[in-house]
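Trainee: I have a new structure to look at, and I would like to learn how to read it. Could you walk me through it?

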Amino acid sequence: MDSVDAPALAVLADPTRARIVQLIRDAAGGRAMVSRLAEQLGLRQPTVSHHMAALRAEGLVVREPEGRRVWYSINPDEADRVTALLGAPALATDEPDWERVVDDLAARYQGVFSRETVARYLNDSRALLAARGTAPLLASRAATFTASRLDDLHRTDESVGTPSVLFVCVQNAGRSQLAAGILRQLAGDKVIVRTAGSAPAAEVRSAIVTALDEIGVTIGGEFPKPLTDEAVRAADVVVTMGCGDACPVYPGRRYLDWDLADPVGQPLSVIRSIRDDIDLRVRALLPELIGITAT
């Protein structure tokens with residue numbers, strides 16, 4: 001570990017900076033612009049520029065002007081140090097085996113949905129997840145998203161008794177993930193919990209993961225997902241958080257609008273305050289869902 005020194009550890013101890021370096025390293029051509037990084041991270045460009053300045057000062061990234069554009073790439077002299085700190089980049093893989101994904105999902109839903117229906121939902125889920133550009137872990141996430149949509153469709157058709165809540169915010173990377181994580185922790189399998197975004201980001205923000213981890217809550221394999229008709233129809237309660245009129249309204253569902261600050265670009269201290277506000281709201285909602293007193 002001789003290549004790992006204290007200054008580099010300090011710079012990349014910040015999860016946002018570590019994620020920036022990973023995104024640059026994994027980008028096409030090994031370089032990225034601040035505007036694209038800001039979009040992927042769900043942050044403001046000045047915030048990303050601030051982090052980039054720290055990375056440049058440590059010599060981990062280099063600035064490459066190209067006309068009016070400015071690209072950033074990993075300093076070739078520091079590639080080994082970056083690998084030592086963050087691990088090796090993921091190996092390139094072939095096109096996912098989509099036929100196998102369909103076969104496995106069709107077997108799972110045998111007697112409930114036809115293979116044609118499963119394939120149609122998988123293709124649509126792939127397109128929705130990839131709509132905003134490169135989608136990480138597309139095959140596994142598309143399979144998970146498809147299964148969630150089929151479960152919701154089946155729930156709507158069969159009127160399953162377990163209460164269901166859908167949390168919706170803009171990017172499905174902050175407020176809705178905080179609420180969903182807390183509710184899952186408190187309710188277990190007594191409540192079905194879904195999340196969605198009117199304009200989903202690529203990943204759940206690292207600060208959100210940290211804020212939940214501090215109170216013993218994990219997001220598990222959760223990732224930002226687009227809002228679908230099935231999710232709304234299957235929900236008993238739809239909780240919106242700053243997404244305006246993006247959510248369709250169906251009779252027989254309860255709609256709540258939680259007026260919450262947006263955590264995008266906020267320091268962890270502010271995100272903790274938003275988290276605690278959401279925690280109080282979730283605890284107040286829980287008894288109404290399952291008829292018990294939340295503790």
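Predicted model: local features only at pLDDT ≥ 70, side-chain atom pairs only at ≥ 80, totals over all residues.

Trainee: Let's begin with sheets. What is the strand order in the open sheet of 4 strands?

Mentor: For a sheet, we read the order of the strands and then how they pair. Here the order is S5-S4-S6-S7, and the pairing is parallel.

Trainee: Which strands stand at the edges, and why is one side of each left without a neighbour?

Mentor: The edges are strand S5 (192–197) and strand S7 (254–257); each has a single partner strand, so one side of each has no neighbour in the sheet. On average, neighbouring strands of this sheet are turned by 20° against each other, direction ignored.

Trainee: How many bridges join S4 to S5?

Mentor: There are 6 bridges between these parallel strands. To find one place to look, take Val165, which stands opposite Val193 in S5. A helix also packs on this sheet: H12 touches S4, S6 and S7, and its direction makes about 175° with that of S7.

Trainee: What is the pairing in the open sheet of 3 strands?

Mentor: That one is antiparallel, in the order S1-S3-S2. Its edge strands are strand S1 (31–32) and strand S2 (61–66), each pairing on one side only. S2 and strand S3 (residues 69–74) are joined over 6 bridges in the antiparallel sense, and within S3, Tyr72 is the bridge partner of Arg63.

Trainee: Which helix lies across S1, S2 and S3?

Mentor: Helix H2 (residues 15–26) does, running at about 100° to S3.

Trainee: Now the inside. Which residues have the most contacts inside the largest nonpolar core?

Mentor: For a core, we ask who is in it and which elements supply it. The largest has 30 residues, and Phe167, Leu183, Val239 and Trp258 have the most contacts inside it. Among the elements that each supply at least two residues are strand S4 (164–169), helix H9 (175–187) and helix H12 (268–290). H12 gives the largest share, 7 residues. Another core, of 20 residues, lies apart from it, with Leu12, Ile24, Met52 and Leu55 among them.

Trainee: What is Trp258 in contact with?

Mentor: Leaving aside neighbours within four places in sequence, its contacts include Phe167, Val239, Thr240 and Leu285.

Trainee: What does Ser125 touch?

Mentor: Ser125 sits in helix H7 (residues 115–130) and is buried, with a relative accessible area of 0%. A polar atom of its side chain lies 2.8 Å from the backbone oxygen of Tyr121. Not counting residues up to four places away in sequence, Ser125 touches Ala142, Phe145, Thr146 and Arg149.

Terms used
Residues numbered from 1 in each chain as written. Heavy atoms only, no water. Buried < 20%, exposed > 50% of the residue type's maximum accessible area, 1.4 Å probe, protein only. Polar contact = N/O pair within 3.5 Å; in protein donor to acceptor, adjacent residues only side chain to side chain. Contact = heavy atoms within 4.5 Å. Core = buried A, V, L, I, M, F, W, Y, C linked by side-chain atoms within 4.5 Å. Pairing = 2+ DSSP bridges. Axes fitted to C-alpha atoms, helices over the stretch in contact; angles between N-to-C directions.
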